[in-house]
Amino acid sequence: MELLRAGRGDHALRTAALLRRSHPADKELQLAGLLQDIGRMLRPGDGARHAVLAAQALRPLLGERVARLVRLQAPAPAAGGAGLPGEDAEAVAALRQAREAAGASAASGPDAGVLEDWRGLLELVAAGSCRAGNATGPLGSPRGPVSGTR
């Protein structure tokens, strides 16, 4: 949350809000819209790799799908997104479309809300990711209770 606050991601908030309206059941897609530019905040100036950096940082926190969507939403230099698996292709297309619409609707678009509105969803997806088998934290340390303790 601190990193997102520091980034002042109004564009990311608008993207996530648009995805919330167009894909209300796809929480991971919404979070991918919110977190799409986190790689730029992690390592400014490394534009060519920002989506890969974001995916690497998000995978242990929010799971494989959020990381994959964030990584794939950046246009590929050669393929341009061709050859994506079916479900991912649709989600990535929706993410890219929302990203473009959020940029176009900066002044006149719907209210994007505030970052704190997303805290509950971030925590919910992170908890689900941990239960689903992401057993390490973002720095490679174990998440959750140590074996044999509570």
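A salt bridge is counted where a side-chain nitrogen of Lys or Arg lies within 4 Å of a carboxyl oxygen of Asp or Glu. By this criterion, the structure holds nine salt bridges. The model is predicted, and its secondary structure comprises eight helices and zero strands.

**Overall architecture**

- Along the sequence, the elements follow the pattern α-α-α-α-α-α-α-α.
- Among the contacts between residues at least 6 apart in sequence, 62% join residues at least 24 apart.

**Burial and surface**

- The chain has 150 residues, of which 37% count as buried.

- A salt bridge joins the side chains of Asp-26 and Arg-65, with an N to O distance of 2.7 Å.
- Asp-26 lies in the loop between α2 (10-22) and α3 (27-35), whereas Arg-65 belongs to helix α6 (residues 64-73), so the pair ties together parts that are 39 residues apart in sequence.
- Asp-26 has a relative accessible area of 19% and is buried, because the cut-off for burial is under 20%.
- Arg-65 is likewise buried, with a relative accessible area of 12%.

**Salt bridges of Arg-119**

- The side chains of Arg-119 and Glu-116 meet in a salt bridge at 2.4 Å, N to O.
- Arg-119 also forms a salt bridge with Glu-123, in which the closest N and O atoms are 3.9 Å apart.
- Arg-119 and Glu-123 are four residues apart in helix α8 (residues 119-131), so about one helical turn separates them.
- Arg-119 counts as partly exposed, at 29% relative accessibility.
- Glu-116 is partly exposed, with a relative accessible area of 39%.
- Glu-123 counts as partly exposed as well, at 47% relative accessibility.

- As a general principle, side chains of opposite charge can pair when their charged atoms come close.

Definitions and conventions:
Residues are numbered from 1 along each chain as its sequence is written. This is a predicted model: local features need pLDDT of at least 70, side-chain atom pairs count only at pLDDT 80 or more; totals for chains, interfaces and linings use all residues. Side-chain values use heavy atoms; hydrogens and water are left out. Helices (H or I, at least four residues) and strands (E, at least two) are DSSP runs, numbered from the N terminus. Buried means under 20% relative accessible area, exposed over 50%, partly exposed in between (1.4 Å probe, protein chains only). Contact means heavy atoms within 4.5 Å.
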